[in-house]
Amino acid sequence: MSLTAGIHNIPLADYLADPAPEPSLSSHVAHTLLEQSPLHAREQHPRLNPHYESEESSKFDIGSACHAVLLEGDYKRIAVANFTDWRTKAAQEVREEARAHNMIPVLVPQMTEIELMVEEAKKAIAQSELAGVFTPAGGESEQTIIWQEQGIWCRTRPDRMSKDRRILCDYKTTTNAEPTAWVKGPMLNNGADLQAALGLRGLKAIGGGLLL
C-alpha cells in the first residue's frame with residue numbers, strides 16, 4: 001500500500017506498516033531518534049529494517065483494548081481468554097493465536113477493568129468541552145495523516161479528530177493521572193508530546209482547520 005498526502009481511513013496494521021510513498025517519520029521513530037540513536041530508529045522502522053518485527057507486549061494490550069472500545073465501539077478486535085493469567089502454556093497459545101489474527105488478547109479480569117476504564121473516560125469526556133468531538137457527527141477516530149516536509153514523508157494517527165479539523169485528541173491510559181507526574185513520566189517517556197506536535201504539523205501541512 002502506498003498513499004499520497006492527505007487524511008486516510010485505513011486499518012491500524014496498514015498504518016504501522018508505513019503506507020507513505022517512502023519510509024516516513026512517525027512520533028515513535030522521532031522519539032527513538034531523540035532518546036536513543038539513529039541506528040535504534042532504523043531497527044524499529046518497518047521499512048528500513050528488513051528483519052523488522054512488530055513489538056507485541058501484554059503491557060500494551062489493556063490500553064489498545066480501551067482504544068478500540070472507547071474510540072470505535074469495536075469489541076470484535078478483542079479476544080477474551082478465559083484465564084486469570086498468561087503463565088500456562090494453554091493461555092499463551094490462546095494469546096498467540098489471537099495476535100496471529102490481529103486481535104487484542106485480554107484476560108477475563110482485564111476485560112472487566114477495561115469496561116470500567118472506558119465508562120470513566122466516557123463520563124469525563126461528557127462533562128468536558130470535548131464532548132461534542134466524541135459524538136458521531138462531531139469527529140472521526142483513528143484517521144491517518146500523511147504529508148511531506150522538506151522532502152521527508154511523515155505520518156501520524158490521532159485517536160480522535162473533530163470534523164472541522166481544529167481539535168486532535170489522544171487517549172492515554174496510565175496508573176497516575178496527576179498532572180505533574182504525568183508530564184514527568186508517561187508523557188515525556190513515551191513521546192506523547194511529539195505525537196501531539198506531529199499531529200498539528202500534519203494538519204497544517206495538508207491545509208487542515210484553523211490551529212489555535
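Which backbone nitrogen lies 2.9 Å from a polar atom of the side chain of N49? The backbone nitrogen of H51 does. This pair is a polar contact (N or O atoms within 3.5 Å, one able to donate a hydrogen and the other to accept it; residues adjacent in sequence count only if both atoms are side-chain atoms).

The model is predicted: local features need pLDDT of at least 70, side-chain atom pairs count only at pLDDT 80 or more, and totals for chains, interfaces and linings use all residues. Residues are numbered from 1 along each chain as its sequence is written, and side-chain values use heavy atoms, with hydrogens and water left out.

N49 sits in the loop between α3 (38–43) and α4. Helices here are DSSP runs of H or I, at least four residues, numbered from the N terminus. N49 is buried, with a relative accessible area of 9%; buried means under 20%, exposed over 50%, partly exposed in between, with a 1.4 Å probe and protein chains only. Leaving aside residues up to four places away in sequence, N49 touches R42 and E43. Contact means heavy atoms within 4.5 Å.

Now follow the chain into α4. The axes of α4 (residues 58–72) and α6 (residues 108–126) come within 9 Å and cross at roughly 50 degrees. Axes are lines fitted to C-alpha atoms over the stretch in contact, with angles from 0 to 180 degrees between N-to-C directions. On the α4 side, the contact includes I62, A65 and C66; on the α6 side, it includes I114, M117 and V118.

L116 also belongs to α6. L116 is exposed, at 56% relative accessible area.

Key. Helix = DSSP H or I, 4+ residues; strand = E, 2+ residues; numbered from the N terminus.
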